[in-house]
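I opened this notebook to record what I look up, entry by entry. The structure comes first, then my notes.

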Amino acid sequence: MAEFYENEQEIEKVILVTVQEKSGERADASLCELAELVKTAGAVTVGQMVQNLEYANAVTYLGKGKLEELKTMLVALDATGIVCDTELSPVQMKNLSQILDVKIMDRTMIILDIFAARANTKEGKIQVELAQLKYNATMLVGLRPSLSRLGGGIGTRGPGEKKLEMDRRLIREQISKLKKELEQVKKHRQTQRKLRTENHAPTICIVGYTNAGKSTLLNHLTNAQVLAEDMLFATLDPTTRAYKLPNGKSVMFTDTVGFISKLPHHLIQAFRSTLEEAKFCDMILHVVDVSNPDMDRQMFAVYETLRQLEITDKPIVTVFNKVDRFNERPVVKDLKADATVFVSAMKEQGFEELLDVIEKQLRDRMVFVEGKVSYKEMASVTLIRQYGEILSEEYLEDGILIRAYVPPSISHMLECVFLL
């Protein structure tokens with residue numbers, strides 16, 4: 001009797017490689033993160049190599065001696081490829097592939113692969129495919145020999161898979177087509193944003209390093225039911241949920257894709273419309289994993305990404321998350337934030353203080369108004385109650401005398417409503 005076995009795709013075993021440059025960040029921290037990325041992408045790390053150089057070799061990334069050492073490691077560890085902790089040039093990728101005779105990948109390829117697997121919405125899929133195509137267009141010469149060695153696996157998943165062997169002309173045509181599609185989706189997002197603006201509810205954008213706990217915070221605050229797992233880039237597509245603060249005021253919370261060090265510029269370009277949700281918000285909640293030993297580096301990466309997106313004028317509340325992992329509150333600061341608060345999103349600790357801080361920050365940016373509203377304009381009073389804060393209201397014969405704090409968008413409207 002014939003025996004049948006399930007044909008499973010072989011798990012890739014890779015060696016992580018990096019060059020510790022004199023002016024660069026610590027290689028051990030970056031490699032640790034790369035190992036998490038590789039794990040998220042579905043491969044297994046079997047070894048690591050670090051070379052100390054003033055600058056990475058422009059032709060082969062590593063020096064000649066380390067390349068020989070790496071050849072030996074590949075055989076000894078039965079590795080199927082290497083992953084370099086930077087974005088390789090086409091020349092570096094091509095030469096490494098020829099010298100080592102294995103699949104060559106870089107940090108950008110791993111991140112793009114994860115994004116390809118995680119994107120669910122039409123916009124997310126278009127953005128990922130656009131980023132993949134732009135990356136492949138620049139790396140076409142270097143990618144061909146590497147990807148032809150092993151079928152499938154990291155770097156060949158997602159909507160970009162069928163484009164890998166296209167020539168540059170076809171890739172440019174597909175990029176042009178995707179940009180047009182993305183423009184249509186972008187118009188839809190702008191329409192949604194306009195409706196939220198007309199709703200006058202302040203928008204609070206949740207940003208932070210990947211796996212800092214943004215989705216967990218949104219879930220436990222608003223019951224949003226967004227996927228929240230202990231992994232990098234668990235969610236890519238932004239989620240917006242309405243919420244009523246303890247003082248009765250309505251706000252909108254928007255989750256965003258997680259940031260990361262060395263975020264590929266192709267992704268920043270492709271996801272600009274998604275990330276720009278933060279540009280149009282009223283406040284930013286910067287969620288930080290306070291238990292992570294690389295917290296300072298991660299915070300820097302978030303602020304650097306916000307700077308690249310030209311988001312530098314928003315009030316920021318830094319939420320130091322995962323304090324339940326400490327016996328005492330850790331002594332940490334964020335000098336760039338307007339306010340800080342300590343929470344455990346998973347255990348809903350510190351939420352009362354967080355909401356108090358949010359209310360205060362929103363109140364500080366409201367406009368004081370005072371005037372009389374006729375009884376025919378009661379809808380305006382309802383608007384003030386919903387989105388502002390009424391200090392006093394006096395019912396007179398010809399209208400209601402109101403003193404209140406309101407969002408700037410409402411204050412302009414009330415100028416036409418107040419009786420002279």
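Which residue forms a salt bridge with D338? I looked it up: the partner is R365, and the closest N and O atoms are 3.6 Å apart. I count a salt bridge when a side-chain nitrogen of Lys or Arg is within 4 Å of a carboxyl oxygen of Asp or Glu. D338 lies in the loop between β9 (316-321) and β10 (339-342), and R365 in the loop between α11 (351-364) and β11 (367-373), so the pair ties together parts that are 27 residues apart in sequence. D338 is partly exposed at 43% relative accessibility. R365 is partly exposed too, with a relative accessible area of 36%. My cut-offs are these: buried is under 20% relative accessible area, exposed is over 50%, and partly exposed is in between, with a 1.4 Å probe and protein chains only.

**Entry: what kind of model**

I note that this is a predicted model, in which local features need pLDDT of at least 70, side-chain atom pairs count only at pLDDT 80 or more, and totals for chains, interfaces and linings use all residues. Residues are numbered from 1 along each chain as its sequence is written, and side-chain values use heavy atoms, with hydrogens and water left out. The pLDDT is the predictor's confidence in each residue, from 0 to 100. The protein chain averages 82, and 82% of the residues score at least 70. Over residues 1-7 the pLDDT is below 50, and this stretch has zero contacts in the model beyond near neighbours in sequence. Residues 160-164 are also below 50, but that stretch has 13 contacts beyond near neighbours in sequence. A contact means heavy atoms within 4.5 Å.

**Entry: the whole chain**

I find 13 helices and 13 strands in the protein chain. Both are DSSP runs numbered from the N terminus: helices are H or I with at least four residues, strands are E with at least two. Of the 420 residues, 53% count as buried. Among contacts between residues at least 6 apart in sequence, 70% join residues at least 24 apart.

**Entry: an open sheet**

In what order do the four strands of the open sheet come? I read β2-β1-β3-β4, with parallel pairing. Two strands pair if DSSP finds at least two bridges between them. The edge strands are β2 and β4, and each pairs on one side only. The twist averages 25° from one strand to the next. Four bridges join β3 to β4.

**Entry: helix α1**

I turned to α1, which lies across β1, β2 and β3 and runs at about 155° to β1. How far apart are its end C-alpha atoms? They are 21 Å apart, which agrees with the 21 Å that the 15 residues (27-41) should span at 1.5 Å a residue. The expected span is 1.5 Å times one less than the number of residues. The buried residues of α1 include L31, E33, L34, L37 and V38. Their cover includes β1 (13-21), β2 (44-53), β3 (81-84), α4 (107-118) and α10 (295-308). Just after α1, G42 takes a positive phi of about 100°.

I get a count of 17 salt bridges. One of them joins K103 to E12, with the closest N and O atoms 3.3 Å apart. That pair links distant parts of the chain: K103 is in strand β4 (residues 103-106), E12 is in the segment before β1, and they are 91 residues apart. Buried or exposed? K103 is buried, at 1% relative accessible area. E12 counts as buried as well, at 9%.

**Entry: D294**

I located D294 in the loop between β8 (283-289) and α10. D294 is buried, with a relative accessible area of 12%. Its side chain meets that of R297 in a salt bridge at 3.7 Å, N to O. R297 is buried, at 17%. Leaving aside neighbours within four places in sequence, D294 is in contact with R26 and A29.

Key:
Axes fitted to C-alpha atoms, helices over the stretch in contact; angles between N-to-C directions.
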